[in-house]
Amino acid sequence: LQTTSVIGFVALFLFASKEYWAGDFLSGIILIGQGRIERGDVIRIKEEGVEGIVLQIRALQTVVRDLVDGHDVILPNYKVQNARVDVLKTDLARGIRNHLDFIIGYDVPTSAVNDYLKAVWEKVLEQGLVEEEGGFVVGLKECGDHGVRWRLLYTLKSPRRLIETKDAIREVAFDLQQDHGIELSTPTTIRFPDGHFPGPGE
């Protein structure tokens, strides 16, 4: 009688809480069945602010080791299933591409930006963090209010060094500013109390 009561209680609990776990369970089955995300993959989920290594895909949760701080992040499977997940696979013929954006003023010509970002890439190449064969690409992505957003596209040496590579590129870009006469800082917007922007001579 006691065993029957326990089973009944468990069944009732599972039925009452199915809305909380059923979605994760089904998503877990789909994730495991598709095989697109596997243990050891480096993934990026922008919506969750996660860049890390997949440690486990459980029935209800996916465990990811965050590359930034080394913590284990536990994500409900339905979030992984429904979010955009970038899987940085190492078997791609062209390598694993990544990018960083820089805001540079309108007074800097295209040739100077290209020379500057090429020098940044070459310095990081010397550190063994990017692939020489993959090369690099510099592109103008957006003309904003304060400056132009330029993108440096490069090929990672190892997906597990994703954060290390980004940090190295930022540091080199910062150090090479003066050598190339480029400032990465952007001016602030000035607006008068009545709402208008200052014109010439104001």
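Of the protein's 202 residues, 32% count as buried. Buried means under 20% relative accessible area, exposed means over 50%, and partly exposed lies in between (1.4 Å probe, protein chains only). This is a predicted model: local features need pLDDT of at least 70, side-chain atom pairs count only at pLDDT 80 or more, and totals for chains, interfaces and linings use all residues. Residues are numbered from 1 along each chain as its sequence is written, and side-chain values use heavy atoms, with hydrogens and water left out.

**Overview**

The protein has six helices and eight strands. Both are DSSP runs numbered from the N terminus: helices (H or I) have at least four residues, strands (E) at least two. Along the sequence the pattern reads α-α-β-β-β-β-α-β-β-α-β-β-α-α. The protein exposes about 12900 Å², and carbon and sulfur atoms supply 53% of that. Accessible areas come from the Shrake-Rupley method with a 1.4 Å probe; for residues, only the protein chains shown count as cover. Among contacts between residues at least 6 apart in sequence, 59% join residues at least 24 apart. A contact here means heavy atoms within 4.5 Å.

**The five-stranded sheet**

Five strands form an open, antiparallel sheet in the order E4-E3-E2-E1-E5. Strand E4 (72-76) and strand E5 (86-88) stand at the edges, each with a single partner strand, so one side of each has no neighbour in the sheet. Neighbouring strands are turned by 40° against each other on average, direction ignored. Helix H5 (residues 162-175) packs on this sheet and touches E1, E2 and E5. The direction of H5 makes about 170° with that of E2. For such angles, axes are lines fitted to C-alpha atoms, for helices over the stretch in contact, and values run from 0 to 180 degrees between N-to-C directions.

Strand E1 (residues 42-45) pairs with strand E2 (residues 50-57) in the antiparallel sense, over four bridges. Two strands pair if DSSP finds at least two bridges between them. Val-42 has Ile-53 in E2 as its bridge partner.

**The three-stranded sheet**

A further open sheet holds three strands in the order E6-E8-E7, with antiparallel pairing. E6 and E7 are at the edges, each with a single partner strand, so one side of each is left without a neighbour in the sheet. The twist averages 25° from one strand to the next. H5 packs on this sheet too, touching E6 and E8, and its direction makes about 30° with that of E6. H4 lies across E6, E7 and E8 and runs at about 30° to E8.

Strand E6 (residues 96-104) and strand E8 (residues 148-156) pair over nine bridges. Two bridge positions are listed here.

| Residue | Partner in E8 |
|---|---|
| Asp-101 | Arg-151 |

In a regular strand the side chains alternate between the two faces of the sheet. E6 has a covered face of Ile-96, Asn-98, Leu-100, Phe-102 and Ile-104. Its uncovered face holds Arg-97, His-99, Asp-101 and Ile-103.

Thr-155 sits in strand E8. Is Thr-155 buried or exposed? At 2% relative accessibility, Thr-155 counts as buried. The side chain of Thr-155 makes a polar contact with the side chain of Arg-97, at 3.2 Å. A polar contact is a pair of N or O atoms within 3.5 Å; within protein, one must be able to donate a hydrogen and the other to accept it, and residues adjacent in sequence count only if both atoms are side-chain atoms.

**Helix H4**

Helix H4 (residues 110-126) has 17 residues, which at 1.5 Å a residue should span 24 Å; the end C-alpha atoms are 24 Å apart, which agrees. The expected span is 1.5 Å times one less than the number of residues. The buried residues of H4 are Val-113, Tyr-116, Leu-117, Ala-119, Val-120, Trp-121 and Val-124. They pack against E6, strand E7 (136-143), E8, H5 and helix H6 (177-180). Just after H4, Gly-128 takes a positive phi of about 75°.

**Gln-177**

Gln-177 belongs to helix H6. Its relative accessible area is 13%, so Gln-177 is buried. A polar atom of the Gln-177 side chain lies 2.7 Å from the backbone nitrogen of Leu-184. Leaving out residues up to four places away in sequence, Gln-177 touches Tyr-116, Ile-182, Glu-183, Leu-184 and Ser-185. Tyr-116 is one of the buried residues of H4.
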